[in-house]
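Have a look at the structure, then read on.

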Amino acid sequence: MTVFKVRRDAATDTLIKVEQTLNDGRKGKFFNVDFVNTVGETGMNCAGISSPTGRIWTAEEWQVSSNTAAANFLRDTTNFTIDAPEFPTLDGSVIKKFQNLNWMVEIDPKQAKAIRKQYNWGRLFFEGGAIANDDRTVYLGEDATPGLFTKFVADVAGDYTKGTVSYTHLTLPTNREV
């Protein structure tokens, strides 16, 4: 995933890519989001969602069911230790590397780094979703049929680390009339 800063040239009404220096010292116009050193890599980032307050998540779309399958695109397939104090039931758990794929991942686009995997929203073929204006209700969908439609309701608006998740199984009509 690549991020970059733009500004609008008022005279020509065009967008101009802006040179910048990130907090970690990287300089330039284009920056790869650091997933490796923050959340342990991602698999096939796809669309995503943004909250009413501007927070951004990227979706991990490809379903990966083994370390062998993950080896085709991961740099490292050793076991992964979850470092997520905001999720105490998982923090410190050691899982297979492929099990750390297929989550929604919050990112900081201004600093080009991942903030957290949203372990409490479920693990799916995520495509994207939407966050309601109440800043509590998150709707997520996967890129498949049959597929799952997920709803997460945060206990507190803007704090997506605690809440309730529910799933609905969906099958689109074969003739694609919706």
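**Labels and the values behind them**

Q: Why is Arg116 called buried?
A: Arg116 has 18% relative accessibility, and buried means under 20%, so Arg116 counts as buried. Bear in mind that this is a predicted model.

Q: What makes Arg116 and Glu86 a salt bridge?
A: Their side chains meet at 2.9 Å, N to O, and the cut-off is within 4 Å, so the pair qualifies. Arg116 lies in strand 12 and Glu86 in the loop between strand 9 (80-81) and strand 10 (94-95), so the pair ties together parts that are 30 residues apart in sequence.

Q: Is Glu86 buried or partly exposed, and why?
A: Glu86 is at 22% relative accessibility. Buried needs under 20% and exposed needs over 50%, so Glu86 falls in between and counts as partly exposed.

Q: Which residues are linked with Arg116 in a network of salt bridges?
A: The network links Arg55, Glu86, Glu106 and Arg116. Across the whole structure, the search finds seven salt bridges.

Q: How do you know that Glu60 and Lys117 form a salt bridge?
A: The closest N and O atoms are 3.0 Å apart, and a distance within 4 Å is what the label asks for. Glu60 sits in strand 8 (residues 56-60) and Lys117 in strand 12 (residues 113-117), so this pair joins parts that are 57 residues apart in sequence.

Q: Why are Glu60 and Lys117 called buried?
A: Glu60 is at 0% relative accessibility and Lys117 has a relative accessible area of 1%. Buried means under 20%, so both residues get that label.

Q: What makes strand 7 and strand 8 a pair?
A: Four bridges join them, and they run antiparallel; at least two bridges are needed, so the pairing holds. One example is Gly48, whose bridge partner in strand 8 is Thr58.

Q: Why do strand 7 and strand 12 count as edges of their sheet?
A: Four strands form an open sheet in the order 7-8-11-12, with antiparallel pairing. Strand 7 (45-50) and strand 12 each have a single partner strand, so one side of each is left without a neighbour in the sheet. From one strand to the next, the twist averages 35 degrees.

Q: How many aromatic pairs does the search find, and what makes Trp121 and Phe152 a tilted one?
A: The search of the whole structure finds eight aromatic pairs. The ring centres of Trp121 and Phe152 are 5.9 Å apart and their planes stand at 50 degrees. Centres must lie within 6.5 Å, while under 30 degrees would be stacked and over 60 edge-to-face, so this pair is tilted. Trp121 is in the loop between strand 12 and strand 13 (126-131) and Phe152 is in strand 15, 31 residues apart.

Q: Why are Trp121 and Phe152 called buried?
A: Trp121 is at 0% relative accessibility, and Phe152 has a relative accessible area of 0%. With buried set at under 20%, both count as buried.

Q: What makes the pair of Trp121 and Tyr160 edge-to-face?
A: The planes of Trp121 and Tyr160 stand at 80 degrees, with 5.8 Å centre to centre. Ring pairs link Trp57, Trp121, Phe152 and Tyr160 into a cluster.

Technical notes. Residues numbered from 1 in each chain as written. Predicted model: local features only at pLDDT ≥ 70, side-chain atom pairs only at ≥ 80, totals over all residues. Heavy atoms only, no water. Helix = DSSP H or I, 4+ residues; strand = E, 2+ residues; numbered from the N terminus. Buried < 20%, exposed > 50% of the residue type's maximum accessible area, 1.4 Å probe, protein only. Axes fitted to C-alpha atoms, helices over the stretch in contact; angles between N-to-C directions. Phe/Tyr/Trp six-rings, centres within 6.5 Å; stacked < 30°, edge-to-face > 60°.
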